[in-house]
Amino acid sequence: MRYVVGPAAELPPGSSTVVYPDRVTSGIGVFNVDGEFYALKNTCPHMGGPLCKGTVRGTSAAEVGDDGELAMRWERDGEIVSCPWHHWEFEIKTGRTIFTSRQRVRGYPVSVVPPDVLERLREGVETIPVSVEDATLVIEI
Ligand code: FES
């Protein structure tokens, strides 16, 4: 099943939205990470929180500096979503937690399709999506 999210131009880099297709009542979050689109189920695998309503940010990581001292650095800005309930952090691109865990949130393929291709999709014709301006975001559910 395909679900039309809306114009790709309305979701600029660094932004996200949550849509509610009939088959996924908890919703699906759609994210633009540096011009690439990703979709995650809006249900946190920890305790079911509305994951995709969380803050999108980076994360801190430890590294040993040139002086041999341990230091923290900020990395992957805009690639991590933090669940609003207990702040578990997930990679938007993979749906995996950033800490060692088997927990993972379900992802969905996102296509960016031009207007003429969108019409053919609505008619049930299979096509190969391409990235263009004035295109529409479509997720496969
Ligand atoms: S429900 Fe998301 S971190 Fe607990």
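Mentor: Strand β6 (residues 70-82) and β7 pair in the antiparallel sense over three bridges. This is a predicted model in which local features need pLDDT of at least 70 and side-chain atom pairs count only at pLDDT 80 or more, while totals for chains, interfaces and linings use all residues. Residues are numbered from 1 along each chain as its sequence is written, and side-chain values use heavy atoms, with hydrogens and water left out.

Trainee: What makes β5 and β7 the edge strands?

Mentor: The open sheet has three strands in the order β5-β6-β7, with antiparallel pairing, and β5 (55-64) and β7 (89-91) each pair on one side only. From one strand to the next the twist averages 50°, an angle taken between the N-to-C directions of lines fitted to C-alpha atoms, on a scale from 0 to 180 degrees.

Trainee: Why is R76 called partly exposed?

Mentor: Buried means under 20% relative accessible area and exposed means over 50%, with partly exposed in between (1.4 Å probe, protein chains only). The value for R76 is 28%, so this residue is partly exposed. R76 belongs to strand β6 and has a positive phi of about 55° although it is not a glycine.

Trainee: How do you know that Y20 is partly exposed?

Mentor: Y20 has a relative accessible area of 43%, which places this residue in that class too. Y20 sits in the loop between β2 (16-19) and β3, and, leaving aside neighbours within four places in sequence, its contacts (heavy atoms within 4.5 Å) include Y3, N42 and K53. The C-alpha atoms of Y20 and Y3 are separated by 9.4 Å.

Trainee: What makes a group of residues a nonpolar core?

Mentor: Such a core is a set of buried Ala, Val, Leu, Ile, Met, Phe, Trp, Tyr and Cys residues joined through side-chain atoms within 4.5 Å. The largest one has 15 residues, and among those with the most contacts inside it are I28, F37 and L137. Two or more residues come from each of β3 (28-33), β4 (36-41), β9 (110-113) and β10 (136-140). Apart from this core lies another, of twelve residues, including V18 and C83.

Key. Pairing = 2+ DSSP bridges.
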